Amino acid sequence: MNISEFNNEFDLLYDNANSSAPGLDLYEKSVYLTKAQLELFKSKYGKDSPYGSFEGSEKRRTDLANLITNYVSTQPDSSGGKGVTSSSVFFAIPGNLCYAIQESATLDIPNCKASVANVLPKTHDEVNTQLNNPFKRPDATVAWRLDYFDASANERVVEIISNYTVLKYQMRYLRYPKPIILENLDGGLSIEGEVASRTSELNESVHGEILDRAVELATRDYKEQKLKGQLQTNLRNE
């Protein structure tokens, strides 16, 4: 759907569900559409999703395909004493990252060509335990990844642990969708820091679901406010 279609269909569904409700302006509709989009997005990815992993069905892969993004960095920062190992290296990662799909690291192995190793996410407890076990430490085929936030640079980073020099970190990930905004915002208004008008970045197969959920949210808020007003009126009458 384009912006005009989102706006018109929202009005139609909302008016049918709430015949006596006051109309919503474009900013208010944008807020509900963005909230609905994020709810549906979160429900469709990850192993804990009620639908299963988003790659578990063709529909979910199609729904979220527009948000799959590649990232490559060849600029590691040395541990500088802040890593859990002296050989740890850090890579800045995109701020819009939601869910890593696949990761790899290119390693510099002496007397060999550069080798591409799988990157496995680890907890700090796992690393503390496995670093002391020579049979479980990372080798030429595997590197470990710990999540980290660099407060000094105000950025998300990953700590990569390997027995070899890490030359490159590569990731394919699912990014968060940008908000749906039905008109350019001004006067200090923004949604998630964005002000430019934009339709949904999710595949059009999901647009109807977004619209239905947005109207449900708006209807719920209207009815709850109406009920609250009725209760306050009853209290005054007593």
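Where is the place of Glu183? Glu183 is in the loop between β8 (165–175) and α5 (207–237).

## About the model

This is a predicted model: local features need pLDDT of at least 70, side-chain atom pairs count only at pLDDT 80 or more, and totals for chains, interfaces and linings use all residues. Residues are numbered from 1 along each chain as its sequence is written, and side-chain values use heavy atoms, with hydrogens and water left out.

Helices (H or I, at least four residues) and strands (E, at least two) are DSSP runs, numbered from the N terminus.

## A negative patch

Glu183 belongs to a negative surface patch, together with Asp25, Glu28 and Asp186. Patches are made of residues with over 30% relative accessible area and no salt bridge; like charges are joined within 9 Å, and nonpolar side chains (Val, Leu, Ile, Met, Phe, Trp, Tyr) within 5 Å. Asp and Glu count as negative, Lys and Arg as positive; His and the chain ends are not counted. The place of a charge is taken as CG of Asp, CD of Glu, NZ of Lys or CZ of Arg.

Glu183 counts as partly exposed because its relative accessibility is 35%. Buried means under 20% relative accessible area, exposed over 50%, and partly exposed in between (1.4 Å probe, protein chains only). Accessible areas come from the Shrake-Rupley method.

## A network of salt bridges

A salt bridge is a side-chain nitrogen of Lys or Arg within 4 Å of a carboxyl oxygen of Asp or Glu. The count comes to eleven by this rule.

Arg213 and Glu39 form one of them, at 2.7 Å from N to O. This pair links distant parts of the chain: Arg213 lies in helix α5 and Glu39 in helix α2 (residues 26–44), 174 residues apart. Arg213 is partly exposed at 25%, and Glu39 is partly exposed at 30%.

Arg213 also forms a salt bridge with Glu216, with the closest N and O atoms 3.0 Å apart. Glu216 and Arg213 are three residues apart in helix α5, so about one helical turn separates them. Shared partners join Glu39, Arg213 and Glu216 into one network.

## A buried pair

Are Glu103 and Arg145 buried or exposed? Both are buried. They form a salt bridge, with the closest N and O atoms 2.7 Å apart. Glu103 is in strand β4 (residues 97–108) and Arg145 in strand β6 (residues 142–150), 42 residues apart.

## Gln130 in helix α4

Gln130 is found in helix α4 (residues 124–130). Gln130 is buried because its relative accessible area is 15%. Leaving aside neighbours within four places in sequence, Gln130 is in contact (heavy atoms within 4.5 Å) with Lys122, Lys136, Arg137 and Trp144.

Conventions: Accessible areas come from the Shrake-Rupley method with a 1.4 Å probe; for residues, only the protein chains shown count as cover.
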